[in-house]
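Have a look at it first, then read on.

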Amino acid sequence: MPIKLENVGIAVRDLEETIAFFTDLGLTVLGRDTVSGDWADTAVGLDGNHAKIAVLETPDGQGQLELFEYLHPDAIETSPTLPNEIGMHRVAFSVDDIDAALEIAAQHGCTPLRGVANYQDIYKLTYLRGPSGILVMLAQKLQE
C-alpha cells in the first residue's frame, strides 16, 4: 500500500501570529478556511468542533503545515513539549542561512533553546520555541 505524508497539523493559540512567523521564514499560505459541522466532529472526534485553519507550504512544495486555532471547544493550554518527551516532537526545516533565519525568528521573540550547534561540519542546527510553544528545528547544510 503506498503512503504519502500530507501535512503536519498543529493547534495554535493565535493563527495570525503563527502564520506571520512561518511566512517570514519562507513558507507560503496555500489556503485558509473555517471548519465546523458533523463531518468535522466525526473526523476530529470533538463535538461542536469549530476552528480557523490555514495550510502553509515550504518553498520546494514538499512540506505542508496545517495550523488550527480552535474556536470551539476551547483550546487547552499545555506545557510546551520538551525535546525528550514522548509524543509530537518538533517540526524541522532546512534553511540556506541559519543566521538569517534566526534573525527572522528573533523578530517574533523566538530564540534558540541553547545555541547553534555544529554537527561534524555537515550541519549547523538549533531548536527554538515558535509561537504557541511549537518546537522548531532549523538546520543549514554546510557541505554537499
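## A stacked ring pair

Phe68 counts as buried, with a relative accessibility of 19%; the cut-offs are under 20% relative accessible area for buried, over 50% for exposed and in between for partly exposed, using a 1.4 Å probe and protein chains only. Tyr70 comes out as partly exposed, at 22%.

Before going further, some ground rules: this is a predicted model, where local features need pLDDT of at least 70, side-chain atom pairs count only at pLDDT 80 or more, and totals for chains, interfaces and linings use all residues. Residues are numbered from 1 along each chain as its sequence is written, and side-chain values use heavy atoms, with hydrogens and water left out.

## The other rings

How many aromatic pairs does the structure hold? There are three, where rings of Phe, Tyr and Trp (its six-membered ring) pair if their centres lie within 6.5 Å, and planes under 30 degrees apart count as stacked, over 60 as edge-to-face and the rest as tilted. Phe22 and Phe93 make a tilted pair, because their planes sit at 50 degrees, with the ring centres 5.9 Å apart. Phe22 belongs to helix 1 and Phe93 to strand 5, so this pair ties together parts 71 residues apart in sequence. (Helices, H or I with at least four residues, and strands, E with at least two, are DSSP runs numbered from the N terminus.)

Phe22 is buried, at 0% relative accessibility, and Phe93 is buried too, at 12%. As for Phe68 and Tyr70, their pair is stacked, with 6.3 Å from centre to centre and 20 degrees between the planes. Ring pairs also link Phe21, Phe22 and Phe93 into a cluster.

Four strands build an open sheet with mixed pairing, in the order 1-4-3-2; two strands pair if DSSP finds at least two bridges between them. Strand 1 (8-11) and strand 2 (28-36) are at the edges with a single partner strand each, so one side of each has no neighbour in the sheet. From one strand to the next, the twist averages 20 degrees. Angles here run from 0 to 180 degrees between N-to-C directions, and axes are lines fitted to C-alpha atoms, for helices over the stretch in contact.

Strand 2 and strand 3 (residues 50-57) run antiparallel and are joined by eight bridges. Thr34 stands opposite Lys52 in strand 3. Helix 1 (residues 15-24) packs on this sheet and touches strand 2, strand 3 and strand 4, and its direction makes about 5 degrees with that of strand 3. Contact means heavy atoms within 4.5 Å.

## His108

Where is His108 found? His108 sits in the loop between helix 3 (98-107) and strand 6. His108 is partly exposed, with a relative accessible area of 27%. Leaving aside neighbours within four places in sequence, His108 is in contact with Ala20, Phe21 and Asp24. The C-alpha atoms of His108 and Arg13 are 14 Å apart, and the two residues are 95 apart along the chain.

Going from His72 to Pro73, the peptide bond is cis, with omega near -10 degrees. Pro73 is in the loop between strand 4 (64-72) and strand 5 (91-94).

Two non-glycine residues are also worth a look. Asp121 has a positive phi of about 55 degrees and is placed in the loop between strand 6 (117-119) and strand 7 (123-129). Ser132 has a positive phi of about 60 degrees, and its place is in the loop between strand 7 and strand 8 (135-141).
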